Amino acid sequence: MDKLDLNIITRFKLNKLDSVDHVRRRNNSYSVNEEGKLVALSLSESYLQKLIIGEEGFHLEHLYLAGNQELTHVEFTGSFPNLVHLYLNNCKLNRIIIPAGLSSLRQAYFQNNQLIELTFEGDCPELQFLDLSKNQMQRFSLPSGFSRLAYLYLSDNRLKELIFDTLSGLEILHLKGNQLDELPTNFLALSKLETLYLSGNPLSNIPPDVIGSGDMHNSASTVLAYLKSIRGKITQYLHEAKLILIGNPEVGKSSIRIKLQDPTADLPTQDERTPGLIVERYFLNQLPVQLTNLENPIDYQLNIWDFGGQGRYREIQQLFCSRKSLYLFVTSYDDTPVKEDYIGLEYWLSMVNAYSYDQEQNRPSPVIYVLNKIDCKDEGIDEVQSRKAFSNLTKFVKISCTEYLNFDVLIGYLREVLPSVSKDIFSNAYSQEWFRVKEQLEKKAEHNNHIDYVDYWGICKAEGLDEEQAKAWLTILDRIGSVIYFGDNKDLNNWIVLNPIWVKDAICNVIDNPLVTDEGILKEEFFDAIWKQYPEKLERRNLVKLMLAYKLAYPIKLKGKEVYVVPSALFNRPKPTIEDYPHLQQKANLQFEFHFDPFIPAGIVNKLMVSLNRNIYNNLIWGNGCILHEPVSNTFVELREDWSKRTIQVDIFGNDAQAFYEIIAVTLNVVTEEIKSTRFLQHLTFTEWMFYKDKFHKRKDLEDFGVYPWSKLEVKTDGHKPKPNSMHGIEKEIKGLSDALDLIIDKKNYFETEFQKTYDADKKYTLKLQIKDLETDIEAYRTKIRGKEQSIHGFENYEGSKAKLDVLLEKAEQISQDISRMETKLDAGFDAVLTQLSAQDQQLIAILDTSQSTRTELAQYFHDLDQKPTNEYELEIIIQRINSMIGEHFSNLPEELAQKLKLLNSKSADYTDVKGKFKLKIPIIPAILEYEKEVNWDLRNVAKQIWTDLKAGKIFLK
């Protein structure tokens, strides 16, 4: 053994391990090769403060120093030609010098330090993975010789400068949360780049619409195409933005639009209310250089989007809200709750804040508050309270459209507020070739409402754009609202809508037409009456596909023909009477609510209906509500929306309330995530509340305290459950089983899609849990099929029914195989999660000798515990899950570690109230009455400190 080996082993009492992999997972351990040379060393979490390694470490292949939170100095003075893995994450280093000669280094982890400088003195020709996220570097530079580097993580630093010679093999680059003003000039050399995260950087040479929105939005294709398009080309500015008018009906939004265009124009009559949406151009002329910081005054085009305030249009309006917009919220003295379709300021401003949030500026778009009709009654505006609720309310103005009062003030505010819409509102530059494509599309839009992709590509090709640029420009035009393009939809990705109003009119014609509103059903024989101005069959087919893509409709079979149910067309239909669904007369077995924050998107219940349409019972749909039914268990659900409370309310009746609850919760999460991803929403969440002991509680709180409402359900039957005493009953049950399988297939297909576009570990782990739940669902489904085969044995036409069940069973088996393949692929990618854990966490997982899936789950819980808890409940449930998983393996743990975990368990097992205080409960009459006394003790801070101290070895038990 070398001198270094002996010194280290003596000082740290290292354990010799035969497996190099185990060394990585345990601190204070080492491994030697056949010649007795040290090849793997782990000193993670060993209270190192300084470490110098010279020639004695020549044979090292794996060096693990992670989690030494007092380590401020590491020095490599020798040669390390064999080093493959280097872990120096989660320490306190501020400078690292990597010597030349690391010819074998493949992975290097430096995240979560205090690095201000990392220097490579030579090349690393084998380096593939480099993680420097969560440090304090302002400059990062790589010399030549890193051609195999594929994964580079630099997120959450303070980077202002990024320099590299050539990174021809780079595939993934994370740069979010830095201070980059521009990307390197040789960025286009990253020819293999597939994933690029850029959010949170004040980039001046790339428009935000090119980057896109969201922490995990992949900007690689559009950024590379954009940089290629402007290289050596003349550029010009895109001086264009939206002015969006929002508010309730009959407050004067259309009057404002008309008077801005022509002060002498007549105002619209009551019969001329805006049908959903109108778009018109409006110019702010000669904006001064003091306002724009440009060389000369400019004319700026505002596209006025005038939204009708009627409730049935709100689902459509949301499709056109966006960032980089200026909003006018319009109200009046007679805008009160007694009016039809009234909804408060909170909804409108919450909608703006959700759909217009600009992550780079960390705020939503600005809003001007306009009080109209002051000629009739001049009321005050509570500016202080309004601004307190919505800080993006920038200006307040009182006007009269009838008398044309104070429009000079309003127009002055439009000019004054415009620069705050976005930092790049005057400086977005694109190549002249791209602009010429946009101009040609605008000319085509004068006579064509849409074109196909082949025509678009022809225009681009003629202007000198390559295919990557053409796709990128189309994506950007869709983001800024010039066109509508469904790039991810295989049924519509050959169709480009040049006139968004044409699409809006088509949808409004459907939801306004009495032929549809009567039953909420769109039939092909209605097309001539509803879509007179859309005579082409292809247009009509695409409009139907568009409604299906937006989840505005779903198909059903009616008398052998396919028709389309349009839930939003039933906005004014009243809730059915009890005679229509007598099954629900008894008390609900389970009641719960989904509470949305910051607002509930209009039509989200309709989208939930579309996703669960196979379960809608007898077409019982009304304005924002429906009845669902699961025929196998004969379980019914009444689902409804309460706009004022921002909730979806659900009552479940029947034998399988828990299963139906899970289906609705998972489906609603899918719908919400789709809304967030397609509209680039940053802030939209919901929490689950359950009715228990006479009031609603957060589901998470109940479960944290060991209360599972469905476990105490008194299941009531209503005598309507079909029994398999006739072939009619059996066929109905088989049909129910088939419908249930279709829902599972839909979920499986969705997960497969998400798997393809999910890159980061946290999302992949969430996806893994969802897939694991689906695996449970499909196994339960297969059990039902087998049970049904046994229960119908001996019935008439048994063989025919069994054949149908066999087909379902075969489909289920195929789904199981698909799920297994997805899980295998996901598990293969979770080594990164394991390697980022502290050494003691890795040691615990290794000691437990658990399965791969359990190791992954534990790893994520440990990771969450160290990184993510934001409140006491989140922290407590993570600790409980860790303990529940470890419980059966307690006997395998070293005594000291077992005692520490017991202490942690005892501290985290106490109940807390919503204020985060401990409650000491004394049972006076068991299960009936308890005496409560609060102890003011912050669970989150105390329990987290206990966890930290236990892992650090600062707490020792006798």
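Before we start, contact here means heavy atoms within 4.5 Å. This is a predicted model, where local features need pLDDT of at least 70, side-chain atom pairs count only at pLDDT 80 or more, and totals for chains, interfaces and linings use all residues. Residues are numbered from 1 along each chain as its sequence is written, and side-chain values use heavy atoms, leaving out hydrogens and water.

**Exercise 1.** Find the strands that helix α18 lies across.

*Solution.* Start at residues 604–611, which form α18. Helices (H or I, at least four residues) and strands (E, at least two) are DSSP runs, numbered from the N terminus.

**Exercise 2.** Work out the strand order of the open sheet and name its edges.

*Solution.* First, list the 7 strands in order: β32-β33-β34-β35-β31-β36-β37, with antiparallel pairing. Two strands pair if DSSP finds at least two bridges between them. Then go to the edges: β32 (616–622) and β37 (695–698) each have a single partner strand, so one side of each lacks a neighbour in the sheet. The twist averages 20° from one strand to the next.

**Exercise 3.** Which residue in β36 is the bridge partner of Phe-596?

*Solution.* Begin with the pair: β31 (residues 590–597) and β36 (residues 685–692) run antiparallel over 6 bridges. Now follow Phe-596 across to β36, and you land on Phe-686.

Definitions and conventions. Axes fitted to C-alpha atoms, helices over the stretch in contact; angles between N-to-C directions.
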